[in-house]
Amino acid sequence: MKHLKNIIRDNLGLIYYNAYKRFLKKGNRCLIYHAFGSKIEHDTYGISININKFKDHIKYLTDNFPIANYNDFNNEISISLSIDDGYEDTNKAIDILIEYKFPFSLFITSGNINKKGYLCKNDIINISKIENSNIGTHGAHHVKLGTVDKITQYEELKASKDLLEDILGQEVLSLSYPHGSYNLDTLDIVKQLGYKWAACSQKGFNRKDTNRYLLNRSEIISSDTPKDLLKKIEGYYDYY
């Protein structure tokens, strides 16, 4: 069944790209990674990628595309990279990113800091010192913001920002919405709390006119090959 779904997805993507997407302007494509080899109980579709495969991805990207910081791009094609959640194995990925001088944004679920399997405070401090790194929040408890009341949203986004700022001793200006979930209240709260940019999980290119509180990202999973990366970068799957 899964194989059939993939065939249908790929055929629809081919039609979508050749009939429509390839004629549109391109821009920055940000890729989302999550975990790097750890077994995660709730991982039902492959968010934990083998670390050697991740290295292959980074080599492919640096060999074939201009690389940009996620919040510093223009209307030309470029690739940015973000990591959500803050699993402990993020350290392995960051070693590779340092090796390839690849900028990245790390969005941390603050309520998991120091828990088993997640980054500790010292990890976060060390990561913040890496050149071209950016640390942002991913909420306090990974709540779907678009499904809860305004007070809960405010508490989630303020608590995570305050805790990370206390750890780092500097302002935290960015976030990614847990589960990609948000609503109009979320956008108001984000601005009120002083965030300067925020990432959703909507596929697409980012250009100078993209809403800085709704920056697009494309998720990468463990089964993705360089060929799959290219298709996601080109926009084959932006139709869903």
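The side chains of R217 and D84 are joined by a polar contact of 2.9 Å, a polar contact being a pair of N or O atoms within 3.5 Å in which, within protein, one must be able to donate a hydrogen and the other to accept it, with residues adjacent in sequence counted only if both atoms are side-chain atoms. The R217 side chain also reaches the backbone oxygen of C200.

| Partner of the R217 side chain | Distance |
|---|---|
| D84 side chain | 2.9 Å |

The model is predicted: local features need pLDDT of at least 70 and side-chain atom pairs pLDDT 80 or more, whereas totals for chains, interfaces and linings use all residues. Residues are numbered from 1 along each chain as its sequence is written, and side-chain values use heavy atoms, with hydrogens and water left out.

R217 lies in the loop between β6 (197-199) and β7. R217 has a relative accessible area of 0% and is therefore buried (under 20%, with a 1.4 Å probe and protein chains only). Beyond four places in sequence, the residues that R217 touches include C30, I32, Y70, F107 and S176 (heavy atoms within 4.5 Å).

The largest pocket is lined by 42 residues, of which H34, Y45, I47, E219 and I221 lie nearest its centre. Here a pocket is an open set of points on a 1 Å grid over the protein atoms alone, where a 1.4 Å probe fits, with protein on both sides within 12 Å along at least five of seven lines; lining residues have an atom within 4 Å of a point. The largest share of this lining, 5 residues, comes from α1.

Technical notes:
Helices (H or I, at least four residues) and strands (E, at least two) are DSSP runs, numbered from the N terminus. Buried means under 20% relative accessible area, exposed over 50%, partly exposed in between (1.4 Å probe, protein chains only).
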